[in-house]
Amino acid sequence: MDSRLRGNDTYVIMVSMKLTNNQILILLPVFNESKVIFSVIRSIQKEGWKKILAVDDGSTDNTYDELKKTGVIILRHSINRGKGSAVKTGLEAAKILNSKVVVTLDSDGQHNPKDIKKMVEEIKKGYDVVLGIRDFKKRHIPRFKAFGNYIGNIFTWMFYGLWVNDSQSGFRAYNKKAVDLIQTNNDHYEFETEIVREIVRNKLKWSEKIIDVRYSDYDQKKRNKQSFVSAVKMIIKLVLFG
Amino acid sequence: MSITFLSILLLLFTFYLIGERIVRFIRKEQNQSVFKLVATIFIWGGISYIALFPIHNSNTLIFFGFIVVFFILFRLLSILEKNERLLTEIIRKEALKDLK
């Protein structure tokens with residue numbers, strides 16, 4: 001299939017990559033999700049994904065016990081270090097497990113496991129990184145999330161010169177090349193923005209795919225860590241410490 | 001402009017710090033950001049300017065006070081950030097041991 005790749009202006013022939021289920025790692029950073037984590041993992045397993053890695057980022061509730069019931073690979077941070085650090089631990093684990101593709105998604109159930117397949121299909125086409133993007137025109141997505149994300153997109157573009165439609169989405173897919181090349185420093189939500197920097201720095205081929213998001217009552221009740229204030233903190237941190 | 005031994009010493013010291021930061025930035029050493037470079041040039045450049053053209057009034061002292069406080073704060077934040085990252089690395093290594 002002849003197709004133009006985003007991120008560089010060359011036409012290339014994309015060769016479809018052959019992958020077995022075991023070469024695809026589904027990575028879940030988890031922190032205090034004991035109420036939903038079991039059902040979230042079951043729903044991923046129902047879609048046929050066998051190799052699932054959960055990184056328990058120092059949960060203080062029963063998350064670890066719930067994870068053990070699911071039979072997935074579990075890694076555990078002894079204390080909470082932030083979502084970015086949990087994803088990075090997972091990416092390091094992917095190297096050890098020799099995974100060819102890594103798909104990251106949030107562990108609170110907001111992402112639809114049915115979308116994993118289309119993310120993997122995109123990687124098979126030859127992209128190094130696929131960013132899952134939320135369709136903010138949909139009514140069920142809170143307006144403040146859409147606004148916060150738009151501000152994040154503007155700053156991401158200002159810092160790294162790359163416009164992405166959802167700089168804060170946790171639903172992403174990486175091939176082995178991207179996993180090997182990406183180097184991040186930030187432990188928290190700045191991590192998502194850092195990935196965009198790494199795409200630019202390493203000239204990775206990237207694409208975007210619209211994903212389904214479900215904001216449940218459970219999700220809304222949780223402390224919103226991606227509020228406007230945390231977005232400002234994130235920007236300051238990225239400016240100060242890179 | 002009144003050049004004294006102390007102002008020459010201060011100038012050499014500021015040139016060393018600015019030069020070192022520029023070299024580290026050019027080498028793209030980790031944790032080197034444009035902000036750090038600009039802040040270093042601004043702060044130490046300002047100090048060297050005052051060393052060359054001293055102004056003897058309270059505003060200058062207040063200005064210096066702000067610079068010093070800002071610099072200390074920035075250093076503390078940098079050290080804190082570095083320690084946070086080191087801690088994360090230790091936690092990560094421990095977590096990955098389960099896999100090896």
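How many residues of domain 1 of chain B are in contact with how many residues of domain 2 of chain B? The legends below take up this question first and then turn to other parts of this predicted model.

**View 1. The two domains of chain B.** In the domain assignment, chain B is divided into domain 1, covering residues 1-54, and domain 2, covering residues 58-100. Between these two parts, 4 residues of domain 1 of chain B are in contact with 4 residues of domain 2 of chain B. On the side of domain 1 of chain B that touches domain 2 of chain B, 3 residues are nonpolar and 1 is polar, while no charged residue is found there. The centres of the two domains of chain B, taken over C-alpha atoms, are 21 Å apart.

**View 2. Helix 1 and helix 2 of chain B.** Two packed helices are described by the angle between their axes and the distance between the axes. For helix 1 (residues 5-26) and helix 2 (residues 34-52) of chain B, the axes come within 9 Å and cross at roughly 165 degrees. Because an angle over 145 degrees counts as roughly antiparallel, helix 1 of chain B and helix 2 of chain B are roughly antiparallel to each other. The crossing of helix 1 of chain B with helix 2 of chain B is left-handed. Among the residues that meet here are B:Leu10, B:Ile18 and B:Phe25 in helix 1 of chain B, and B:Leu37, B:Trp44 and B:Leu52 in helix 2 of chain B. Counted by class, this contact between helix 1 and helix 2 of chain B has 12 nonpolar, 5 polar and 2 charged residues.

**View 3. Where chain B touches chain A.** Here 16 residues of chain B are in contact with 18 residues of chain A. On the chain B side, helix 3 (residues 58-97) gives the most, with 10 residues. The side of chain B that touches chain A holds 6 nonpolar, 3 polar and 7 charged residues.

**View 4. Two asparagines in loops of chain A.** Most residues other than glycine have a negative phi. A:Asn32, however, has a positive phi, near 50 degrees, and lies in the loop between strand 3 (24-30) and helix 1 (37-46) of chain A. With 18 other C-beta atoms within 10 Å, A:Asn32 is partly exposed. A:Asn98 also has a positive phi, of about 60 degrees, and is placed in the loop between helix 3 (83-96) and strand 6 (101-104) of chain A. A:Asn98 counts as exposed, because it has 10 C-beta neighbours inside 10 Å.

Terms used
Residues are numbered from 1 along each chain as its sequence is written. Chains are lettered from A and ligands numbered from 1 in the order in which they are written. This is a predicted model: local features need pLDDT of at least 70, side-chain atom pairs count only at pLDDT 80 or more; totals for chains, interfaces and linings use all residues. Two residues are in contact if their C-beta atoms, placed from the backbone, lie within 7 Å. Helices (H or I, at least four residues) and strands (E, at least two) are DSSP runs, numbered from the N terminus. Ala, Val, Leu, Ile, Met, Phe, Trp, Tyr, Cys and Pro count as nonpolar, Asp, Glu, Lys and Arg as charged, and the others, Gly among them, as polar. Domain bounds come from an automatic or database domain assignment. Axes are lines fitted to C-alpha atoms, for helices over the stretch in contact, and angles run from 0 to 180 degrees between N-to-C directions. Angles under 35 degrees count as roughly parallel, over 145 as roughly antiparallel, 65 to 115 as roughly perpendicular and the rest as oblique. A crossing is left-handed if the near helix is turned anticlockwise from the far one by less than a right angle, and right-handed if clockwise. A residue is buried if 20 or more other C-beta atoms lie within 10 Å of its own, exposed if 12 or fewer, and partly exposed in between; C-beta atoms are placed from the backbone.
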